[in-house]
Amino acid sequence: MSADRTEIARQFIAGLPHCDALGMVLTTIGEGEAEIYMPYSEKLVGDPESGVIHGGAVSALMDTCAGAAVMSHPKAGPATATLDLRIDYMRAAKPGATITAHAICYHMTRAVGFVRVSATDGASDVPVAAATGAFAVERGKS
Amino acid sequence: MSRTKPEPIQVVKERRDAALSALVARVPYISFMGFEFERRGDELTAVMPYRPDLIGNTSLPALHGGALAAFLEVTALITLSWSMVWPKIEAGETVDVLPKFPKTIDLTVDYLRSGLPRDAYARAEITRAGRRYASVQVEAWQDNRARPTVHATGHFLMPDNRTSND
């Protein structure tokens with residue numbers, strides 16, 4: 001996607017109230033792929049003893065990233081809504097680390113976009129969480 | 001035969017409510033999201049009071065799917081933890097040491113309707129509570145209980161809370 005469209009997408013994500021509340025920043029988007037990061041914050045902690053971020057915040061990040069990937073797919077229309085998202089939590093995120101989600105919309109039909117997302121914290125090659133989702137799409141004119 | 005006098009209801013309620021608020025208050029993310037828990041006997045209802053910063057689609061507008069997923073996950077985790085402390089509370093113990101939280105293994109969220117910009121409620125049902133694993137169904141609704149907004153099934157790894165006293 002051109003620098004212009006990436007900038008528009010970045011502003012779009014930043015303008016969504018809940019994404020803004022969680023501090024999400026979109027870095028790359030285009031051709032059915034997106035990457036969004038979420039810096040560590042004390043307010044997102046789920047377990048005060050360990051300082052690990054709550055799974056719910058990671059889910060919100062992955063849902064946003066998956067939706068962005070769908071919207072950036074060449075065959076997608078302007079609007080999308082999550083139909084289903086299955087999240088696997090593989091390990092606790094490293095306290096203090098920024099979490100980055102990467103999503104690929106690997107198939108698009110007339111009505112549905114199929115997406116895979118993974119979330120990493122840079123501490124290991126094993127993702128913190130992975131998800132697969134189906135998104136309802138409004139097709140643009142083809 | 002002498003019967004022990006039952007505890008005054010207020011004492012019982014206070015003990016139950018104190019344990020519930022202690023359980024909820026220790027999670028920064030729950031206060032950040034503004035989730036609240038209401039209790040009737042042992043049944044919990046989670047409340048996600050509407051706030052503009054929960055919106056994920058400004059044109060509809062609709063609640064962020066991630067906020068709803070988080071709401072369901074928190075409801076499941078608190079309900080599971082509550083089920084672990086409940087027997088102790090009923091045995092008259094004050095719960096000084098709260099159990100560790102279960103860990104989410106996976107969560108499958110089914111988005112049934114778009115989340116309206118108003119309060120949401122959720123209840124979790126523990127389908128199976130094993131010593132090591134638990135399965136939970138959790139559902140959230142808004143104005144109409146018969147028309148759920150989101151539904152999820154999750155699997156959780158239960159903490160090892162056995163102490164030398166057990």
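Me: Leaving aside neighbours within four places in sequence, what is A:Leu44 in contact with?
Reply: This is a predicted model. In it, A:Leu44 is in contact with A:Ile53, A:His54 and A:Ala57, and also with B:Tyr29 and B:Phe32, once neighbours within four places in sequence are left aside.

Me: Where in chain A is A:Leu44?
Reply: A:Leu44 sits in the loop between S2 and S3 of chain A.

Me: Is A:Leu44 buried or exposed?
Reply: A:Leu44 counts as buried because it has 25 C-beta neighbours inside 10 Å, and the cut-off for buried is 20 or more.

Me: And how far is A:Leu44 from A:Ala92?
Reply: The C-alpha atoms of A:Leu44 and A:Ala92 are 13 Å apart in space, and the two residues are 48 apart in sequence.

Me: OK, the contact between the chains. How many residues from chain A and chain B?
Reply: Chain A puts in 29 residues and chain B puts in 29 residues.

Me: Which elements of chain A give two or more residues to that?
Reply: On the side of chain A that touches chain B, they are helix H2 (17-21), strand S3 (45-47), helix H3 (55-71) and strand S5 (76-89).

Me: Which one has the largest share?
Reply: S5(A), with nine residues.

Me: How do the residues on that side divide into nonpolar, polar and charged?
Reply: On the side of chain A that touches chain B, 14 are nonpolar, eight are polar and seven are charged.

Me: Back to S5(A). What strand of chain B do bridges join it to?
Reply: Strand S5 of chain B, residues 103-111. S5(A) and S5(B) run antiparallel and are joined by five bridges.

Me: What does B:Val109 stand opposite in S8(B)?
Reply: B:Ala152. S8(B), residues 148-157, pairs with S5(B) in the antiparallel sense, over eight bridges. B:Val109 is therefore a residue with a partner in each of two strands, given that the bridge partner of A:Leu85 is B:Val109 and that B:Val109 stands opposite B:Ala152.

Me: Switching to the S6(A) and S7(A) pair. How many bridges?
Reply: Eight, in the antiparallel sense, between S6(A) at residues 99-108 and S7(A) at residues 112-120. A hairpin of three residues joins the two strands. Within the pair, A:Cys105 stands opposite A:Val115.

Me: What about phi at A:Glu31?
Reply: A:Glu31 has a positive phi of about 50°, although it is not a glycine. A:Glu31 is found in the loop between strand S1 (25-30) and strand S2 (33-38) of chain A.

Me: Buried or exposed, A:Glu31?
Reply: Exposed, because A:Glu31 has 12 other C-beta atoms within 10 Å and the cut-off for exposed is 12 or fewer.

Me: Last topic, chain B overall. How many helices and strands?
Reply: Chain B has three helices and eight strands. Along the sequence the pattern is α-α-β-β-β-β-α-β-β-β-β.

Me: What box do the C-alpha atoms of chain B fill?
Reply: Roughly 70 × 35 × 30 Å, taken along the principal axes.

Me: How much of chain B is buried?
Reply: Buried residues are 36% of the 166 residues in chain B. As for contacts between residues at least 6 apart in sequence, 63% of those in chain B join residues at least 24 apart.

Definitions and conventions. Residues are numbered from 1 along each chain as its sequence is written. Chains are lettered from A and ligands numbered from 1 in the order in which they are written. This is a predicted model: local features need pLDDT of at least 70, side-chain atom pairs count only at pLDDT 80 or more; totals for chains, interfaces and linings use all residues. Two residues are in contact if their C-beta atoms, placed from the backbone, lie within 7 Å. Helices (H or I, at least four residues) and strands (E, at least two) are DSSP runs, numbered from the N terminus. Ala, Val, Leu, Ile, Met, Phe, Trp, Tyr, Cys and Pro count as nonpolar, Asp, Glu, Lys and Arg as charged, and the others, Gly among them, as polar. Two strands pair if DSSP finds at least two bridges between them.
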